[in-house]
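Me: Could you help me read this structure? I'd like to begin with the ligand and then go on to the chains.
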Amino acid sequence: MIRLTDVVKEYPNGTHALNGLSLEIQDGEFVFLVGPSGSGKSTVIKLLIGEVEPTEGRVMVNGFSLRNIQEWQIPYMRRTVGVIFQDFRLIEHKTVYDNMVFAMRAVGAGPREIKKRVPYCLNLVGLEDKSRQLPSELSGGEQQRVAIARALLNNPSTIIADEPTGNLDPARSLEIMRLLERINALGTTVLVVTHEKDLVNRFDKRVVKLNQGKVVADGKGYSGRKAQ
Amino acid sequence: MRGRNLFYFAREGAYNMFSHGFMSFAAVGITVACLLIMGTFTMVAININAMMEDLENQNQMLAFVEMGMSEEEARGLESQLLQVPNVSGVTFISNAQAAEEFRDRYENEELYTGIPDSNYRHRYAINLKDIGRIAETKAALDAIPGIEDVRAAEAEAQGFITIRNVAGVVCVVLIAVLFVVSIFIIANTIKLTTFDRRDEIAIMKMVGATNGFIRWPFVFEGLLLGLFSAVIGFFLQWGLYEAIARSVATNDTINFISVVPFAGLWHYVAGIFAAAGMVIGVGGSLSAIRRFLQV
Ligand SMILES: Nc1ncnc2c1ncn2[C@@H]1O[C@H](COP(=O)(O)OP(=O)(O)OP(=O)(O)O)[C@@H](O)[C@H]1O
Ligand SMILES: [Mg+2]
């Protein structure tokens with residue numbers, strides 16, 4: 001479960017990115033996080049993966065309280081969250097398969113686990129036959145699917161995606177969203193940041209809208225009911 | 001640390017090292033130079049110490065017994081002399097022996113050879129444990145009743161002690177400076193690697209790798225650089241030492257110096273180089289990765 005309570009985030013240069021934001025996401029939910037540029041969406045993501053600390057308020061992620069988390073616990077918190085970015089973040093000189101191995105190795109997985117889990121996840125995103133190719137030999141949509149497969153490797157309870165379709169054409173974007181929807185159906189909580197209104201409207205999901213660092217709407221559909 | 005991780009870290013470390021061929025080469029070069037200077041100074045110090053020891057073994061003071069004391073009385077002083085601190089041994093020399101020696105030395109000079117035995121005093125040759133304490137030992141010997149006069153080569157001994165102390169200080173200072181320089185160079189080499197691999201580091205953090213896991217390959221890289229330097233440095237030091245020893249032995253003015261053979265020193269050199277290489281390598285990598293691993 002994810003819970004932000006009255007969170008204020010002030011960056012060192014004085015920018016107030018979040019101004020008393022509260023948000024709760026239950027296990028198994030699928031949530032779109034939308035809002036204009038600069039409204040604080042990426043800041044929410046950074047808070048949830050422990051990249052920045054809240055100035056005020058409380059942040060809970062899968063049982064970890066990020067305000068008083070010990071530094072050594074942060075990696076273990078991150079293993080419960082799979083992260084996907086707009087720019088894929090794959091290692092260019094490693095094949096798809098080796099990219100996956102690299103990510104599992106990094107959390108201390110053994111060869112037997114790796115042999116089982118990597119094909120399973122590649123299969124889930126439909127790329128089992130591209131495992132020997134380099135990222136540069138794949139389309140943008142395929143690269144993002146690799147990133148999704150990688151995010152799933154350590155069996156996280158939550159997937160967080162910051163504009164995962166920002167670099168893709170509408171057809172590829174729809175494919176990626178459908179994939180995330182399917183992963184959600186398998187039991188993983190999914191939080192997707194996007195500003196593609198049309199795309200959001202094709203799904204009947206909860207939409208949380210931010211503006212100036214606060215939740216201004218929360219409900220089904222893009223123009224969902226106003227938050228109190 | 002699990003075995004497969006150890007292997008993984010070592011392989012990644014080696015890969016890092018070779019991926020920066022030139023920088024690694026430079027780092028190893030500087031470290032080897034530091035080790036060589038360090039090693040050479042240490043070996044010079046070892047040789048000076050060996051020479052000092054020789055000198056100490058040879059170094060005798062002469063304690064003269066009062067004129068007119070009988071040989072028996074004079075021999076009776078031996079136990080008292082041995083009780084003086086810093087005295088390692090005494091040898092009695094009767095006036096007859098001393099006269100004989102003197103006459104042998106100045107065989108052709110009438111003036112000396114004509115002196116009768118009774119004009120010589122009985123004496124003791126005194127061996128010291130530490131020639132650094134020559135003055136205080138002399139005073140203690142002087143204070144024994146029956147001992148009239150103590151002669152020692154104070155000035156000569158003082159000279160050697162000064163050389164040893166200066167060499168020691170120079171050695172320590174130089175080694176400290178070179179250590180810091182080597183660590184700095186290795187740190188910069190590894191910083192380059194971390195910069196090269198910043199994307200991979202970011203991904204590792206993203207998927208939840210611990211800082212320890214991210215650090216190890218860089219520690220291994222430093223360790224390998226240090227050990228490589230130690231091995232190369234060892235063989236160069238060996239060659240250098242043999243060359244110097246040979247030129248000392250064949251030089252007419254300094255061949256009185258007996259150089260300690262390398263065979264008796266190689267395990268010290270190997271040990272010191274390996275330890276210094278590891279400290280420099282690991283120290284360098286830790287100082288390189290300390291800051292960038294926050295968060
Ligand atoms: N590292 C930073 N230092 C200072 N200010 C920052 C930093 N990161 C973000 N900000 C500021 O915080 C505010 C919120 O930024 P954030 O990246 O969360 O917006 P966003 O909703 O993700 O926007 P976009 O849709 O353009 O990605 C902005 O005003 C931004 O300029
Ligand atoms: Mg953003």
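Me: Which residues come nearest to ligand 1?
Reply: Of the 14 residues around ligand 1, those that come nearest are Ser37(A), Gly38(A), Lys41(A), Ser42(A) and Thr43(A), where a residue counts as near if one of its heavy atoms lies within 4 Å. This is a predicted model, in which local features need pLDDT of at least 70 and side-chain atom pairs count only at pLDDT 80 or more, while totals for chains, interfaces and linings use all residues. Residues are numbered from 1 along each chain as its sequence is written, chains are lettered from A and ligands numbered from 1 in the order in which they are written, and side-chain values use heavy atoms, with hydrogens and water left out.

Me: And what lies 2.7 Å from an oxygen atom of ligand 1?
Reply: That is an N or O atom in the side chain of Lys41(A), whereas for Gly40(A) a backbone N or O atom lies 3.0 Å from an oxygen atom of the ligand.

Me: Which helix gives the largest share of the shell?
Reply: Helix H1 of chain A, residues 41-48, gives 4 residues to the shell around ligand 1, a helix being a DSSP run of H or I with at least four residues, numbered from the N terminus.

Me: Changing topic, how many residues of chain A are in contact with chain B?
Reply: There are 24 residues of chain A in contact with 16 residues of chain B, contact meaning heavy atoms within 4.5 Å.

Me: How many salt bridges are there between them?
Reply: The count between chain A and chain B is 0, taking a salt bridge as a side-chain nitrogen of Lys or Arg within 4 Å of a carboxyl oxygen of Asp or Glu.

Definitions and conventions
Polar contact = N/O pair within 3.5 Å; in protein donor to acceptor, adjacent residues only side chain to side chain. Helix = DSSP H or I, 4+ residues; strand = E, 2+ residues; numbered from the N terminus.
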